[in-house]
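User: I would like to go through this structure with you, one topic at a time. Please have a look at it first.

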Amino acid sequence: MSPRDLSVGVDVGGTNTDAVVIDAAGNVLASTKQATTVDVTGGIRAGICAVLAELGEDRSRVSRVMLGTTHATNAIVQRRQLDRVATIRLGAPAATAYPPLLGWPQDLIGQVLAGSAMIRGGHMVDGTPIAPLDRDGIRSFLDGAGSFDAVAVTGIFSPSTPEQELEVADLVRAHVGPDTRVFLSQDIGPTGLLERENATVLNAALYGVARSVTEALVTVVAEEGLDAATFFAQNDGTLMSLEFAAQYPVLTIGSGPANSIRGAAFLSGTENAIVVDVGGTTSDLGVVVNGFPRESTLPREIGGVRTNFRMPDVLSLGIGGGTVVDVATGAVGPGSVGYRIAQEGLLFGGSTPTLTDAAALQGNPVAGRSLPRLDRGTEDALRAGLAVAHERLADAVERLSLGRADIPLVVVGGGAFLVPDSLPGVGTVVRPDHAGVANAVGAAISLAGGRADTISPLADREAAIAEASEAATAKAIQAGADPLEVSVVEVLETPVTYSDRPTVRVSVKAAGPLARLADRIPSRV
Amino acid sequence: MAQSAAPARVTEVTVEDIPALAAGTAIFGTGGGGAVHTAQVVAELALREHGPVPLVTVDDLGPDDLVILMSGIGAPTVGIEMLSADHQVTTLIREAEIAAGRKITTLMAAEIGGSNGVGPVGWAAELGVKLLDADGMGRAFPDAAMVSMNVAGVPCDFSVLSDVVGNVSVIKTVDLHWLERHARALTVASGSICLGVHYPMTSETVRGAVVEGTVSAAIRVGHALLSSPEPVTAVAAELGGRILLTGKITDLDRRTEGGFSRGSVTIAGTGEDRGRLQRLELQNENLIVLEDGEVLVSVPDNVTIIDAETGHAITTEMLRFGQRVSVLAWAADPIWRSPRGLELAGPAAFGYELPYTPFDGGTR
């Protein structure tokens, strides 16, 4: 029997669906770029079929398929295919000054909300009940709500006192039906009531969309007769099982940049690096620390909704291959000719000076193309423009490097030639092979991970960290990690003031490589 | 005398003013004061529902007016999870009116800096009362005793705390230190977060005991920030202050001690300021600016680190290595430069053995 050592990575973007095959040693054996299709399935099928064809007989060695996608993000931004959600908050009378979905755009509320209720219940920071749970209130709300596809439940301080949300899930199923889809905020995010509630409701609304992608992947894998386990990439650079992804689609939001950062770092053979993806319009920079993208500490808005999703810390600059250089003023960007560069750039016979043209003065960014004769003013403006672009890139790199000058800079993307071979504050500049499909590579090499939060007295800090570590490890194993290899990769502590004894909030992340066996991951979520 | 260049007096706060108010109160936060976003969303909601809030000056107040401060008290980490109940604001005022024996007509912000500068606008709209164009700090400070009423010697007759459950406590203590102790214990019992009213004041006691004009100033500063093509210089001009340095953060030493964020930040000048280096001492707020071993500015004068391009305030917990920033400084309200003001909030009050030299950046 042939070894089952190959992984297929797929990245479903808004424009392209990329696919790669890598072996256990991390070699890229096949790669392709296909157009994304409206039904998603077509693009995934084209991508997977293309790389399998390249593999030939070796296709039987494929044991895993990993998929990363911006589909959930796009569904929210474009307001399509969203499910209707009945929203229950536990904790009244606390937080009643802040009704659910506060600040959401009206059109999104109209599509998603099937009614909301602020029910008596919830807990204080120390576990004291705010009010006894109003079970009848939940039943009458469910009876009065319009038709809904799912129920989202958010209890005050449920991340540290989870039992009540679980009880309410049972109550909802007992009242509405055993197959009712119920989503609990404790599974979605840490303390930060409104952001966690927003994320829980969005998660419930994305169930149908996520299902269409997970089913597309299952369909294609079955059509191709692959005996492979399937996974989704999440936004912190770890994987989850398909069943888990179907249950927690919000966790895929932001996975695109995370995969790109990890894939680029992997292709360059480093665990600690700054990654810059230079496209046509922007350069997106991120940092990979011990193999994981560094996460942003700022709240992020998705389609007008404020959330606390774990998102990679990405810095975007208006510097890309199509960025326009204004000869009259010397201004560089932010305007870009984008994909029209093949008609409008000077290098292509057009009349708009761009940074690609500037790079052409010093090198040969596009094979077989050379610049027309330029007047002195244009040439000077282009040289100055390239210097400005280098300076902005150097500034951004320095900003992300936190003062360390020895971190390598990994350059990927179609505009990679804009990055010079040496930049102030950078150790070495690395330009890996297969940089065009770094997203799909990132999906293929992801680890399985899990996170848990708790609030505890400072005196019991070690026990709290142990408890959160255990919960995070369990979540990682549930997401597919090898129980023998999983380990805690991050512990964050935040002190809580105004408490009768010193109190600390603990957040733990665990991760590990996927279980080596080719068997299916248990489907229990 | 014609004063055609003077900005029109702000007589009410409308929902359209809230983004400017929020951006302005963040500047007045002098590095602290908490994030303004949630307070901004809630204030906008309240003004949309109840209409604009009348903004009055100390001179507008009459014998029938009673002013009281309203603010949130407690742990920010709890405040983001266990939010206020809708009854809390009305409960507070009802109990305060019983304690005072008369009607409360006017709310005031305890501190204009940060979220506590935005919250009172929404609460005043909900209660249908006026908002005083003033606050108790003119900035943000970490200690409730660092208020202008304390400088002026106006006692706090009573405080009322109301929690999310509906518990209400009326507190009458002999002085502010006992108030801090009792309020802290009650806040812990209430789940580490409360809303409170303090310092009932009449039109007579309020005079000279508050920092005047700060709500309209925050709106003007925020408006300058949001609408000017050169926000950094526009904000400095509006405050009558100065940009001390523009550069990038090259060192950041920050730690949490006793519930406060302490440390220092070093900024290296760029452009015209190349070759210069400034260090700021932090303790929740920005306290002291040093250059070449000399103190350029110290508390109670105001220092805010702002984004060198957008002009938006950066709180001490959001400072990051490599950020492009400008150091903005402006003079403290005269009340803080009095001997009693300096005793409460001068360098020595924060543990610095150095004499206070008034910042010469002009006065408002």
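User: How far apart do the C-alpha centres of domain 2 of chain A and domain 4 of chain A lie?
Analyst: The C-alpha centres of these two domains of chain A lie 24 Å apart. Please note that this is a predicted model, in which local features need pLDDT of at least 70 and side-chain atom pairs count only at pLDDT 80 or more, while totals for chains, interfaces and linings use all residues. Residues are numbered from 1 along each chain as its sequence is written, and chains are lettered from A and ligands numbered from 1 in the order in which they are written.

User: Which stretches are the domains of chain A?
Analyst: Domain 1 covers 1-82 + 207-253, domain 2 covers 83-205, domain 3 covers 316-441 and domain 4 covers 446-512. The bounds come from an automatic or database domain assignment.

User: How many residues does the contact take from domain 2 and from domain 4 of chain A?
Analyst: Domain 2 of chain A gives 5 residues and domain 4 of chain A gives 7 residues. Two residues are in contact if their C-beta atoms, placed from the backbone, lie within 7 Å. On the domain 2 side, 3 residues are nonpolar, 2 are polar and none is charged. Here Ala, Val, Leu, Ile, Met, Phe, Trp, Tyr, Cys and Pro count as nonpolar, Asp, Glu, Lys and Arg as charged, and the others, Gly among them, as polar.

User: Now the sheet with β5(A). What is the strand order?
Analyst: The order is β6-β5-β7-β8 in chain A, an open sheet of 4 strands with parallel pairing. Strands (E, at least two residues) and helices (H or I, at least four residues) are DSSP runs, numbered from the N terminus, and two strands pair if DSSP finds at least two bridges between them. β6 (113-120) and β8 (181-184) of chain A are the edge strands; each has a single partner, so one side of each lacks a neighbour in the sheet. From one strand to the next, the twist averages 20°.

User: And how many bridges join β5(A) and β7(A)?
Analyst: Strands β5 (85-92) and β7 (150-155) of chain A pair over 6 bridges. Within this region, A:Ile88 stands opposite A:Val153 in β7(A).

User: Which strands does α5(A) lie across?
Analyst: Helix α5 (163-176) of chain A lies across β5, β7 and β8 of chain A, at about 155° to β7(A). α6(A) also packs on the sheet, touching β5, β7 and β8 of chain A, and its direction makes about 165° with that of β7(A). Axes are lines fitted to C-alpha atoms, for helices over the stretch in contact, and angles run from 0 to 180 degrees between N-to-C directions.

User: Changing topic: how many residues of chain A are in contact with chain B?
Analyst: 30 residues of chain A are in contact with 28 residues of chain B. α6 (193-205), α12 (376-401) and β22 (487-496) of chain A each give two or more residues to the chain A side, and β22(A) gives the most, with 3 residues. By class, that side has 17 nonpolar, 9 polar and 4 charged residues.

User: What about chain B itself: how far apart are the centres of its domain 1 and domain 2?
Analyst: The C-alpha centres of domain 1 and domain 2 of chain B are separated by 26 Å. These domains span 12-212 and 230-350 respectively. The contact joins 18 residues of domain 1 of chain B to 23 residues of domain 2 of chain B.
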